[in-house]
Amino acid sequence: MTIRQIGLALAAAALLAAPAGAQSLTGAGATFPNPIYTKWFDAYNKATGIRINYQSIGSGGGIRQFTQGTVDFGATDGPMSPAQMEAVQNNVLHIPTVIGAVVLTYNLPSLGATQLQMDGATIADIFLGRITKWNDKRIAAMNPGVALPNADIIVVHRSDGSGTSYIFTDYLTKVSREWKDKVNYATSVKWPVGLGGKGNEGVTQQVKQIEGTIGYVELIYALSNNLPFAKIKNSTGNFVVPSLASATAAAASAKFAKDTDFRVSITNAPGAQTYPISSFTWLLVRPDSKDAAKAALLRDFLNWMITPDAQGMAGGLKYAPLPAEVVALIKPRIAALKANGKPIPAK
Amino acid sequence: MSPSATGSDATLGGARFGDRLFKAALTLTALAVPVLLGFLVFELWAGSREAIGEFGLGFLTSSEWDPVEGRFGALPLIFGTVVSSALALLIAVPLSLGVAIFLTEFAPMRIRGPVSFLIELLAAIPSVVYGLWGIFVMIPFLRATVFPFLKDTLGFLPFFQGPIYGPGMLSAAIILAIMVMPYIMSVSREVLLAVPNTQREAALALGATRWEALTGAVLPYARSGIIGAVILGLGRALGETMAVTMVIGNRHEIAASLFAPGYTMAAAIANEFAEAVENIHLSALSYVALTLFVVTVLINAAARLLIWRVAQGGGGKSA
């Protein structure tokens, strides 16, 4: 192909793309689900020709752009606050897309292949700086027969604002009164102790290099980097290994009201097999949109996203797919989306 | 370029018109810079208005940083920025000056080119690469060798006490030193090359040793240029973000120990901006940016003043 031909092809492509302007959607937000979103939007583009541009600028930016109306949909790891929903006249629906989990990773060579076991109150006290030694009797009680060293615990947390921190602190807020009063939950909080690492890779490197460290990273990251991670005691008293299945179980056992707005935290969820540090990540869409054409495109995409095919892609990238219960709840909500107060006509 | 004597009035007029056009275009480009700067300051100010109203100047002296409760203070960030940059210069200036002097005064001709080329190449490495190198190579090395040595020999000083984590103020200063070295080195080298040879020859002819010629005749001549080079390095160190945040430990705290984690203004902005949801959090980050801008301007102004004074003083003495 000569340069001239390439130029012609590009010009032709541009001409073809121009009238198809309405056939594209833009979105912005969370970075954590970016890999699966990118894959979905690519697969959807190949299947239907509809282009979805997604900028992974972070949940905060996603909510802001959604509020300002500069994007067709937003994406966030933490649900919008009532005040933020007020800013868009409550014209927002949170649609869960996949489930993420956060694992506790550590550097204790003396443990060998034994998996550490932890409960929520102990984790909170470690991250509060109340428990400072690895051989503390509370840790020892949960790990009978494990050789815990008489070493200082070095806490490592995320320094950048992140959905991972949001999920982790949301969990600690539920299991520790003191954590709730002193720190609470958000994408960045005032950490009582510890070192800050930038990104999952920053936390991981500090944990890998420094003996006696404990930190938290996304499940996906821990699985693909073969990091050791702890079993966490869930609300029924079982020590559960974090996995895609146990994260999906957390979403399945979460209790939803019939008219739920899906802004539901599934950390510390009930159920024997649930992993307690799990959370949805959401797309933000307008239940009543001003642009009927784009609303139809978005609705069609959302319907495609909850098909077994699309949800199946999540597993390949190590995101936990939505359980059938949640998909069944989402379906009628997508069908009820409106434009200018009227139902969106079917395709 | 001057119009030839045979040129007609028409071409002269054309040249004048072209000149005027050229002048106008240049004026516009020159104006664009201060206008852009004005917009920048205005944006920063507008963005931080909410935080300025909420915290006032107390923002600069408070150490609180609690995004959940919406309480913010930038003192640890200002401290971290100034200390890490100052330490970086403390390490980088003697090293880069040494290299520059060696390359201009003492090194054999054939190695001068390659060595200075290699050092300037360091300036072309993206800062995120420095950061990754810092995490994977430098910190493990420092943790195993240099830091324990410092703790054992200088542990009586408060700067070298406490647990050694690896990431911390000293690690940040060292990576910054490596990053600013090529700038200081290459500008000082140019400045030293610009010192007239007669200056050296005169000193040597008077019976000075090479050391005396260097300290008595060459360095005083190059003094203001060398200070300029150091300021250039300082500017780079103050604003450096990626590499620093990856190795400094990112903790909003002021600690005496250089092994302890710290934080800088640029790093905090980069870390928290994307996920900042509350308006007051965003506004506080803008306020940090404004503070960084002011600190940078103040330091640069002080440096200009210093260069000016040195140039005056130097001129007076050598006369």
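Me: How many residues does the contact take from chain B and from chain A?
Reply: In this predicted model, the contact takes 26 residues from chain A and 23 residues from chain B.

Me: Changing topic to confidence: what are the ipTM and pTM?
Reply: The model has an ipTM of 0.77 and a pTM of 0.82.

Me: What does chain B average in pLDDT?
Reply: The average for chain B is 88, and 93% of the residues score at least 70.

Me: Where does pLDDT stay under 50 in chain B?
Reply: One such stretch is residues 1-8 of chain B, for which the model has 4 contacts beyond four places in sequence. Another is residues 315-319 of chain B, with 1 contact beyond four places in sequence. Where pLDDT is low, the predicted coordinates should not be read in detail.

Me: Now Gly228(B). Where is it found?
Reply: Gly228(B) belongs to helix 8 of chain B, which covers residues 210-239.

Me: Is Gly228(B) buried or exposed, and why?
Reply: Gly228(B) is buried, because 20 other C-beta atoms lie within 10 Å and the cut-off for a buried residue is 20 or more.

Me: Which residues is it in contact with, leaving aside neighbours within four places in sequence?
Reply: Gly228(B) is then in contact with Val187(B) and Ile307(B).

Me: On to chain A. At roughly what angle do the axes of helix 5 and helix 7 cross?
Reply: The axes of helix 5 (residues 120-128) and helix 7 (residues 163-175) of chain A cross at roughly 110° and come within 9 Å. These two helices of chain A are therefore roughly perpendicular to each other.

Me: Left-handed or right-handed?
Reply: The crossing of helix 5 and helix 7 of chain A is left-handed.

Me: Which residues make that contact?
Reply: Helix 5 of chain A contributes Gly120(A), Ala121(A), Ile123(A), Ala124(A) and Phe127(A), while helix 7 of chain A contributes Tyr171(A), Leu172(A) and Val175(A). By class, the contact between these helices of chain A has 7 nonpolar residues, 1 polar residue and no charged residues.

Terms used. Residues are numbered from 1 along each chain as its sequence is written. Chains are lettered from A and ligands numbered from 1 in the order in which they are written. This is a predicted model: local features need pLDDT of at least 70, side-chain atom pairs count only at pLDDT 80 or more; totals for chains, interfaces and linings use all residues. Two residues are in contact if their C-beta atoms, placed from the backbone, lie within 7 Å. Helices (H or I, at least four residues) and strands (E, at least two) are DSSP runs, numbered from the N terminus. A residue is buried if 20 or more other C-beta atoms lie within 10 Å of its own, exposed if 12 or fewer, and partly exposed in between; C-beta atoms are placed from the backbone. pLDDT is the predictor's confidence in each residue, from 0 to 100. Axes are lines fitted to C-alpha atoms, for helices over the stretch in contact, and angles run from 0 to 180 degrees between N-to-C directions. Angles under 35 degrees count as roughly parallel, over 145 as roughly antiparallel, 65 to 115 as roughly perpendicular and the rest as oblique. A crossing is left-handed if the near helix is turned anticlockwise from the far one by less than a right angle, and right-handed if clockwise. Ala, Val, Leu, Ile, Met, Phe, Trp, Tyr, Cys and Pro count as nonpolar, Asp, Glu, Lys and Arg as charged, and the others, Gly among them, as polar.
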